[in-house]
Amino acid sequence: MAKVIIIAEQRDGRLKKSTFELLSASSAAGNETQAILLGDGITDLAKELGHYGAQTVHLIQNPALKFYTAEAYSIEIIKILKSKNPDIILASHTPSGRDLLPRIAAQLGVGLASDCTQLSFEGNKIKVRRPVYAGKATVEVEFIGPGPQVATVRPNALGGAKLNTNQTAEIISITASLGTLKTKVTDVVRGVSGRPDVTEAAIVVSGGRSLKNAENFKLLEEMGDVLGAAVGASRAAVDAGFRPHRDQVGQTGKVVSPTLYIACGISGAIQHLAGMRTSKVIVAINLDPEAPIFQIADYGIVGDLFLIVPLLKDEFKKIKDEHN
Amino acid sequence: MNIYICIKQVPDTETKIKLNSEQSGIDTTGVKWIISPYDELAIEEALRLKEKNTGSTVTVLSCGPTRVVEAIRTALAMGADSGIHVDLPETADNNLIAKALAGAFKKETKIDIIFTGKESIDDGAAQVSQLIATYLDIPYITVVLNIEYSPQGVKCKREIEGGAFEIVEAPFPLLVATQKGLNEPRYASLPNIMKAKKKEVRVLKMADVEVSAADQKIRFKNFQLPPPKQAGKKIPGDPHSQAKELVRLLHEEAKVV
């Protein structure tokens, strides 16, 4: 059994699913599981962390913590970590987690295993694996020297967040004293789509150059919306200007591990496969039966995506309607 | 202005990764080495800032074995003024690299801004930028898509999740980690490649930057290639029956929808 502290994450007053995944995994392994949550006006969220396995929540609130910055967030987090002295510190490998945790690890004088896709608890230690070369290989990370083990975990990698409303956490409220800060978030420009991020979505629908133009991505968006999916793209589609770079899946874009990845008109260049091959289930739709994507696809359809995708959308809709 | 860039030399994205016989690393035989693509954006941004501020200098740093001098020369050919090669073992982890770079920066007289790529495409950990800034006790802004400069500092557009952006401000000196979309990196012209050969590249050893093997905090071991996936089912039939069957399989067999 280990003493585990999880850096919880919320944005716009909503907790991240990936935080629940970490809490559930730690709690299921029988660890003493604590969480640290930062923000402003988020007392209700602290209770929710208890339902996923946090025994204690350190709740840090301050108007200056409304938006994440590494500088402000690290101040109180470090104080708690140093006083509680956990065996293991975990966070999600999200835009905030990946920005923050190197600073935390450096301030504790320990190493950091980033973007882990496998994690197991063994006594008071963790054993982790992570991809390198965007998934063309994986490595085990050995922590050297004393001090807590610190890791960020890729969203969806652990799966299974378990809600139990009978579990509750002890909430310790802390008023942050932040002093003068150099880094300031002065504005947040919201995404227009309202769709989940490709790195966090449970389902990703991706398109390649075969989509022919930006307009045709509507087909994927419509099917994706039925599934609550994010829409990704191959490098070829991004280079052709069909989608912004933030949607690019592959070695020079985002690396994703959804439970379902649907590749539409993507041939499967090595750098693309690297970015999505850890997906749980892969579907490929391509006109070319020899396309490399079929070698890693669990289910393949050799055919014209312009015919298949609208039909799939209707079929998915039927399934969704039956189960709602 | 005193402008700095940190770059990493990595295998080209088209490289087919093979492991060495001990599975303690990759087999680098025949690997084509390039500057990590996000670092090229850092170089370009540094050069543009220099062009707007007469009298500025751009210094490029890279850690690793002797081969990384090639990457430094490429940055010099793009227009950087001088280079610093910090001689570190191939197996150096992010912490050792960042501490060595911070050590090199502490020997400089004045730093206004450091540019890095938001992550390298080899280990993809996205740690070194934040670690350097933390060790130097300066602010950092990562995954940056746009930068406005003022005499006091910068105002950056930073990419976050779900297609949203933050506008983040911080004063000089600071570190900015660049994201694709910030600019289009230039190519080195032939005359500039020739000129780059004469530019100075200083070499610093671990003792010079006050790091030791004890600054290595993690080690990668037991490398594995992804297990070969069995090619799955190709679903036969006309588009209607293909779509129907696929959704049935995803629902009943794979249980993912």
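Which domains does the domain assignment of chain A give? It gives two: domain 1 covers residues 3-175, and domain 2 covers residues 203-322. The model described here is predicted.

**Domains**

Chain B is also assigned a domain 1, residues 2-215, and a domain 2, residues 227-257.

| Pair of domains | Distance between centres |
|---|---|
| domain 1 and domain 2 of chain A | 31 Å |
| domain 1 and domain 2 of chain B | 44 Å |

In chain A the two domains touch. Nine residues of domain 1 of chain A are in contact with nine residues of domain 2 of chain A. On the domain 1 side, four of these residues are nonpolar, three are polar and two are charged.

**Where the chains meet**

How many residues of chain B are in contact with chain A? There are 69, and they meet 78 residues of chain A. Several elements of chain B give two or more residues to this side, among them α4 (128-136), β7 (140-149) and β9 (165-171). β12 (218-224), β13 and α6 (239-253) of chain B are also on that list. α6(B) gives the most, with 10 residues. By class, the chain B side holds 35 nonpolar, 17 polar and 17 charged residues.

Strands also pair across the two chains. Strand β10 of chain A, residues 137-143, runs antiparallel to β12(B), and five bridges join them. In this pairing, Val141(A) has Phe220(B) as its bridge partner.

A second pairing between the chains involves β18(A). This strand pairs with strand β13 of chain B, residues 233-234, in the parallel sense over two bridges. Here Tyr299(A) is partnered by Lys233(B).

β18(A) has a partner within chain A as well. Strand β17 of chain A, residues 281-286, runs parallel to β18 of chain A, residues 299-302, with four bridges between them.

**Inside chain B**

Chain B contains six helices and 13 strands. Its C-alpha trace spans about 70 × 45 × 40 Å along the principal axes. Of its 257 residues, 50% count as buried. Among contacts in chain B with a separation of 6 or more, 69% are between residues 24 or more positions apart.

Is helix α2 of chain B, residues 68-78, mostly covered or mostly uncovered? It is mostly covered, with eight of its 11 residues buried. The buried residues include Val68(B), Ala71(B), Ile72(B) and Thr74(B). Ala75(B), Leu76(B), Ala77(B) and Met78(B) are buried too. After α2(B) comes Gly79(B), which has a positive phi, near 140 degrees.

Notes:
Residues are numbered from 1 along each chain as its sequence is written. Chains are lettered from A and ligands numbered from 1 in the order in which they are written. This is a predicted model: local features need pLDDT of at least 70, side-chain atom pairs count only at pLDDT 80 or more; totals for chains, interfaces and linings use all residues. Domain bounds come from an automatic or database domain assignment. Two residues are in contact if their C-beta atoms, placed from the backbone, lie within 7 Å. Ala, Val, Leu, Ile, Met, Phe, Trp, Tyr, Cys and Pro count as nonpolar, Asp, Glu, Lys and Arg as charged, and the others, Gly among them, as polar. Two strands pair if DSSP finds at least two bridges between them. A residue is buried if 20 or more other C-beta atoms lie within 10 Å of its own, exposed if 12 or fewer, and partly exposed in between; C-beta atoms are placed from the backbone.
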